[in-house]
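Please keep the structure open while you read.

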Amino acid sequence: MPNLDARLQAALHLIQAETHADIGSDHAHLPIRLAQLGRITRGVIVEVNSGPLEHARVNVARAGLTDRLEVRAGNGLAPLAPGEVQSASMTGMGAQTMLGILTRTPGRVPDALVLQPNDSPEPLRRWAQESSYHVAAEVLAPGFWRYPVLRLERQSGPDPAYAGLPGNAALRYGPLLLREGSGLLREQVAADIARLTPLAAPGRAAEHDLHVAQSAAVWLSGNRK
Ligand SMILES: C[S@@+](CC[C@H](N)C(=O)[O-])C[C@H]1O[C@@H](n2cnc3c(N)ncnc32)[C@H](O)[C@@H]1O
């Protein structure tokens, strides 16, 4: 069984489906583990690059899962038929790459998504708000950085996760993560304030980012668990 690091372990716990696609899978550790643990019945693995595609094929064959995990060459969600999978994951890529994948093939985005970007998930939270997806779960996984892992689900109406929160802070740090107020998130906000304070000057992006971090800190200090 492949060993999953904390970010992939967090993603694993947010996935439970009959049919699931892992996009940009490389070693395919996540879908292999999902199938081995019975968290998915059938999986599709999509890879755009030939080296990682071969890596996925070899590992799926070694795990004896070729009857349940199909490896397809292609870009993002394009190799999937509309409605083919209940959920999809993307992990270990930049948020802008994920955003490109989601916006290029809107008719193929499934009802549930599990996303672990390597940088700020803010553009993905904004996309979710504009595209009728709610934040159903959020986890901050420890590692080289703090990795946010999001589960988004298609729902109509405004996302109740954001109600009563400072909007920009919730988009930056995560509405459910802010409500949870974990030590890891508090450390992240404090580190952002320390990093941004000497950079902030009127009109600079750092000034805006500092205000966002400060409003998160104010909300967290008023909502101590
Ligand atoms: C850094 S690896 C992450 C591997 C694994 N998901 C993880 O989290 O450990 C990113 C992978 O995404 C693949 N990839 C990047 N853009 C893609 C796209 N548009 N469609 C499919 N795969 C893509 C790359 O080939 C690469 O194997």
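## Around the ligand

A nitrogen atom of the ligand lies 2.8 Å from a backbone N or O atom of Gly 24. This is a predicted model, in which local features need pLDDT of at least 70 and side-chain atom pairs count only at pLDDT 80 or more, while totals for chains, interfaces and linings use all residues. Residues are numbered from 1 along each chain as its sequence is written, and side-chain values use heavy atoms, with hydrogens and water left out.

| Residue | Residue atom | Ligand atom | Distance |
|---|---|---|---|
| Gly 24 | backbone N or O | nitrogen | 2.8 Å |
| Glu 47 | side-chain N or O | oxygen | 2.6 Å |
| Val 48 | polar backbone atom | nitrogen | 3.4 Å |

## A loop residue, Glu 84

Glu 84 sits in the loop between strand E3 (69–73) and strand E4 (87–93); strands are DSSP runs of E with at least two residues, helices are runs of H or I with at least four, and both are numbered from the N terminus. The side chain of Glu 84 makes a polar contact of 3.3 Å with that of Arg 42. Such a contact is a pair of N or O atoms within 3.5 Å; within protein, one must be able to donate a hydrogen and the other to accept it, and residues adjacent in sequence count only if both atoms are side-chain atoms. Leaving aside residues up to four places away in sequence, Glu 84 touches Thr 19, Arg 42, Val 44, Arg 72 and Pro 79, where contact means heavy atoms within 4.5 Å.

## Where the two domains meet

The domain assignment, which is automatic or from a database, gives domain 1 (6–158) and domain 2 (164–225). Their C-alpha centres are 27 Å apart, and 14 residues of domain 1 contact 13 residues of domain 2.

How much area do domain 1 and domain 2 bury between them? The value is about 1,200 Å², with 60% of it on carbon and sulfur atoms; buried area is the accessible area (1.4 Å probe) lost on putting two parts together, summed over both. Glu 138, Leu 140 and Arg 146 supply 48% of what domain 1 buries against domain 2, more than any other three residues.

Two salt bridges cross this interface (a side-chain nitrogen of Lys or Arg within 4 Å of a carboxyl oxygen of Asp or Glu). Arg 146 also forms a salt bridge with Glu 187, at 3.5 Å from N to O.
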